[in-house]
Amino acid sequence: MKQLLTLTLLGLLAAQCNAPATQEGSLLDQNIRLAVTQYKGMQKQLGEGEFPRSYENGSFTTSNSEWWCSGFYPGTLLYLYEVTEDSSLLKEANRMLTLLEKEQYNTSTHDLGFMMYCSFGNANRLNPQATYRDILINSAKSLSTRFSPATGCIRSWDSKPEDFIVIIDNMMNLELLFWATKETGDSSFYNIAVTHANTTLKNHFRADNSSYHVLNYDSTGAVKQKRTAQGLHDESAWARGQAWGLYGYTATYRETKDEKYLEQAVKIADFIRSHPNLPEDKIPLWDFDAEKDAKRDASAAAIMASALIELDNYAPNNGYLKLAEEILTNLTSNYTTEAGKNGQFIITHCVGHLPANSEVDVPLTYADYYFIEALMRLEYGL
């Protein structure tokens with residue numbers, strides 16, 4: 001395939017003419033120079049075929065394109081290019097998109113929304129091309145193969161034949177399906193997305209509007225088990241899981257205008273902000289039920305901030321924008337790194353999988369992605 005995101009002269013000029021300008025002193029303005037410096041430095045650490053993953057125990061860690069986070073690095077590069085018009089960022093995004101392209105046919109993962117929509121979705125938004133369209137449609141088709149009409153959900157993790165595992169994270173992959181229906185007119189993608197959202201709404205949430213991490217369904221669609229994998233315990237509120245639910249239902253309302261999804265997003269937001277264990281700086285503990293001196297998860301905070309900014313558009317006068325600004329201000333002040341440090345990532349103090357002692361108190365690619373997205377949403381209404 002020809003080089004991806006190679007803009008024509010006219011396309012490049014149009015992109016530059018339409019590129020937003022940062023307001024001096026804004027949160028985006030305060031962070032953009034550091035972000036660009038870090039991501040240019042990160043590029044130099046990557047070997048052929050490698051995607052950045054984290055910086056753990058003093059070592060820069062990478063993955064291949066099949067890892068669920070592979071779309072965040074090119075996605076962040078494209079956001080930074082959109083703000084700065086720095087062609088070197090675009091060139092690096094091109095290189096990574098080429099490596100990622102083959103995942104459009106990956107039917108072994110539910111994470112194609114993260115992988116392909118955060119990357120190719122942004123590429124197509126900035127410069128619509130038939131190539132990107134085809135890749136995204138193929139990605140939506142691949143994701144759709146994991147849907148079970150009997151269960152009413154998209155399978156998350158492959159497991160024993162008698163199990164059907166669904167995690168709250170899967171709400172984040174529905175945007176790809178909604179886009180595919182708008183682009184093709186094929187309602188099957190939309191129907192899968194809303195069916196999954198409805199089933200998750202019915203089964204994944206507790207009375208206090210916190211969510212379970214993992215549900216296991218049987219072949220009839222009955223729930224066999226509700227548990228956690230990455231949270232403190234089965235009945236706890238894993239922080240990033242609450243963030244995924246908040247973002248996912250906010251986006252689902254945007255695409256459907258069905259009030260029940262907005263109501264759920266508001267309930268999740270209110271659970272988060274009213275929780276007695278939410279620290280004063282609004283950067284959550286890795287699990288809301290953890291001890292008050294437990295590790296923070298800045299990745300959950302970044303996701304929450306981005307979602308809250310959008311939610312404020314649909315449920316104004318509830319203080320969601322103010323909360324998002326507070327989160328982003330505190331991330332900027334206390335959770336960003338020094339230039340050249342932290343493996344060239346932007347955000348520090350994230351938690352990937354604490355029960356497995358994996359990626360604890362480290363940077364993570366999705367923290368950077370949603371932090372930059374939130375800053376852009378705050379400034380431009382992206």
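## A hairpin to start

Strands S6 and S7 form a hairpin, with 5 residues between them. In the turn, glycine 221 has a positive phi of about 95 degrees. This is a predicted model, in which local features need pLDDT of at least 70, side-chain atom pairs count only at pLDDT 80 or more, and totals for chains, interfaces and linings use all residues. Residues are numbered from 1 along each chain as its sequence is written, and side-chain values use heavy atoms, leaving out hydrogens and water.

Strands and helices here are DSSP runs numbered from the N terminus: a strand (E) has at least two residues, a helix (H or I) at least four.

## The sheet

Strands of a sheet pair through backbone hydrogen bonds, either parallel or antiparallel. Here, 3 strands form an open sheet in the order S5-S6-S7, and the pairing is antiparallel. S5 and S7 stand at the edges with a single partner strand each, so one side of each has no neighbour in the sheet. On average, neighbouring strands are turned by 20 degrees against each other, direction ignored.

Two strands count as paired if DSSP finds at least two bridges between them. S5 (residues 164-167) and S6 pair over 4 bridges. Valine 166 has leucine 215 of S6 as its bridge partner. Another 4 bridges join S6 to S7 (residues 223-227). There, tyrosine 217 has valine 223 of S7 as its bridge partner.

## Two faces of S6

In a regular strand the side chains alternate between the two faces of the sheet. S6 covers residues 214-217. Val214 and Asn216 point one way, Leu215 and Tyr217 the other way. All are buried, meaning under 20% relative accessible area; exposed means over 50%, and partly exposed is in between (1.4 Å probe, protein chains only).

## A helix across the sheet

Helix H8 (residues 187-203) lies across S5, S6 and S7. H8 runs at about 105 degrees to S6. Axes are lines fitted to C-alpha atoms, for helices over the stretch in contact, and angles run from 0 to 180 degrees between N-to-C directions.

Alanine 193 lies in H8. Alanine 193 counts as buried because its relative accessibility is 0%. Alanine 193 touches Leu174, Leu177 and Phe178, not counting residues up to four places away in sequence. Contact means heavy atoms within 4.5 Å. Alanine 193 and serine 144 are 49 residues apart along the chain, and their C-alpha atoms are separated by 9.1 Å.

## H13 and its helix contacts

Two packed helices are described by the angle between their axes and the distance between the axes. The axes of H3 (residues 72-84) and H13 come within 9 Å and cross at roughly 30 degrees. H3 and H13 are therefore roughly parallel. Angles under 35 degrees count as roughly parallel, over 145 as roughly antiparallel, 65 to 115 as roughly perpendicular and the rest as oblique. The crossing of H3 and H13 is left-handed: the near helix is turned anticlockwise from the far one by less than a right angle, whereas clockwise would be right-handed. The contact includes Phe72 and Tyr79 of H3 and Tyr369 and Met376 of H13. By class, the contact of H3 with H13 has 10 nonpolar, 3 polar and 3 charged residues. Ala, Val, Leu, Ile, Met, Phe, Trp, Tyr, Cys and Pro count as nonpolar, Asp, Glu, Lys and Arg as charged, and the others, Gly among them, as polar.

The axes of H9 (residues 239-256) and H13 (residues 365-380) come within 14 Å and cross at roughly 45 degrees. That makes H9 oblique to H13. This crossing of H9 and H13 is left-handed. Arg240, Trp244, Tyr247 and Arg254 of H9 meet Tyr366, Tyr370, Glu373 and Arg377 of H13. The contact of H9 with H13 has 4 nonpolar, no polar and 4 charged residues.
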